[in-house]
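Biologist: I'd like to learn how to read this model with you, feature by feature. Shall we start with the overall layout?

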Amino acid sequence: MKIFAFIQIDDGVVNRLSVETLTGAQKLAAATNGSVTAVVFGAVPDDLKTYKVKEILNVQAAELEDYSPLYYIEALSRIISSESPDTVVFGHTYQVRDWVPRLSARLKLPFLVDCIGFKTDDNFTVTRQISQGKINADMAFENPSLISFQSGAFRADEVESGTAEVRAIALDLSAVPGTIRPGEKYQQARGSVDLSHAKVIVSVGRGIGKEENIPLVKELADALSAELGCSRPVVDYGWLPHERQVGSSGQTVSPKLYLALGISGAIQHQVGMKGADTIVAINKDENAPIFEIADIGIVADLFEIVPKLTESIKAKK
Ligand SMILES: Cc1cc2nc3c(=O)[nH]c(=O)nc-3n(C[C@H](O)[C@H](O)[C@H](O)COP(=O)(O)OP(=O)(O)OC[C@H]3O[C@@H](n4cnc5c(N)ncnc54)[C@H](O)[C@@H]3O)c2cc1C
């Protein structure tokens, strides 16, 4: 299969979701005896050249230096028409949600969004979660296709290293009307928290009992240099702002370590955090569903464990 992986560059750096998706593209190429071409708009960061791809297609035009949907759509339309990939894969970033549906409509290509994996058993299918993450559905479709993978679908640290030749393609986009001008980026909005890039998250659930107890977990988060996350009830009660909510109606995260404190592990929470490398759960109910996905489970009262944990981490530092 001829796979193109669109690589999003944010402030000169390869977007982490794009690296995860590149891992997926490499696995798909291995399963189908195919090849991966990385498609980059604007300057190619050096680290991208260290990943195993057949080539890096560097699409150049002054209009592509900063994100702008109409230019992006026109540029990738032309690349798809001239290069004829079987599929183009994307990380499911805010930008991709903005411009790729329009690209799909323009080219009349199916866009399979927010997928969590693929299968190549009989024919090529992608897996999507439906009904609030309760059901995994395998979807068959016809190539060429556009596919986006959600955060945590593949692991950035499993991307294969190698070398890649860069092939530059210069485009003249001057005839494209620049009638859509992007505003401030979502994660840069004042006061917003981008948990998707956090390496360590200490997340708190209803088990914390009341707002006055939040500093207990905040102290642990600070000791671990971690971001503070939470389940939905914590937001509904107004104990923490929505920007810290993890789950289907909050953020999707994939840190190295996710510490779940007093969180039952409802499916709506799991879909947002099951991509974490290591999940540690503290819950006093040994039958809590969080233990089904936890790497380390501690059946205990968080009010007993958390202060001791904070103390010992501080002592080690
Ligand atoms: C459309 C929709 C979208 C949703 N989106 C989200 C979402 O984005 N994120 C999300 O999180 N939820 C979401 N939910 C809600 C979800 O269904 C659950 O209700 C929620 O995740 C439960 O949060 P919780 O685990 O903190 O609370 P609970 O399910 O009440 O669990 C609390 C846990 O704390 C444990 N506990 C209590 N006291 C202690 C103690 N002292 N020490 C240790 N453990 C203790 C209990 O044993 C229990 O397991 C959504 C629901 C719907 C319908």
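Modeller: Let's start with the domains. This is a predicted model, and its chain is divided into domain 1, residues 2-183, and domain 2, residues 195-316.

Biologist: How far apart do the C-alpha centres of domain 1 and domain 2 lie?

Modeller: They lie 32 Å apart.

Biologist: And how do I read the interface?

Modeller: The size of an interface is often given as the accessible area lost when the parts come together. Here we have contacts to go by: eight residues of domain 1 are in contact with 11 residues of domain 2. On the domain 1 side, the touching residues divide into six polar, two charged and no nonpolar.

Biologist: On to the ligand. Which residues are closest to the ligand?

Modeller: G205, G207, S231, G247 and S264 are the closest, out of 28 residues that surround the ligand.

Biologist: Now strand pairing. In what sense do β12 and β13 pair, parallel or antiparallel?

Modeller: Parallel, over four bridges, with β12 covering residues 200-204 and β13 covering residues 227-230. To find your place in the pair, look at I201, which stands opposite E227 in β13.

Biologist: Which helix goes with β12 and β13 in a β-α-β unit?

Modeller: That's α4, residues 214-223, and the unit is right-handed.

Biologist: Which residue other than glycine has a phi near 50°?

Modeller: D11 does, and the value is positive. D11 sits in the loop between β2 (9-10) and β3 (13-14).

Biologist: Let me try K108, then. Its phi is positive, about 55°, although it is not a glycine, and K108 lies in the loop between α3 (94-107) and β7 (111-119).

Modeller: Good, now do the count. K108 has 6 other C-beta atoms within 10 Å, so K108 is exposed.

Notes: Residues are numbered from 1 along each chain as its sequence is written. This is a predicted model: local features need pLDDT of at least 70, side-chain atom pairs count only at pLDDT 80 or more; totals for chains, interfaces and linings use all residues. Domain bounds come from an automatic or database domain assignment. Two residues are in contact if their C-beta atoms, placed from the backbone, lie within 7 Å. Ala, Val, Leu, Ile, Met, Phe, Trp, Tyr, Cys and Pro count as nonpolar, Asp, Glu, Lys and Arg as charged, and the others, Gly among them, as polar. A residue is near a molecule or strand if its C-beta atom, placed from the backbone, lies within 6 Å of it. Two strands pair if DSSP finds at least two bridges between them. Helices (H or I, at least four residues) and strands (E, at least two) are DSSP runs, numbered from the N terminus. A crossover is right-handed if, with the strands pointing away from the viewer, the path from the first strand over the helix to the second runs clockwise. A residue is buried if 20 or more other C-beta atoms lie within 10 Å of its own, exposed if 12 or fewer, and partly exposed in between; C-beta atoms are placed from the backbone.
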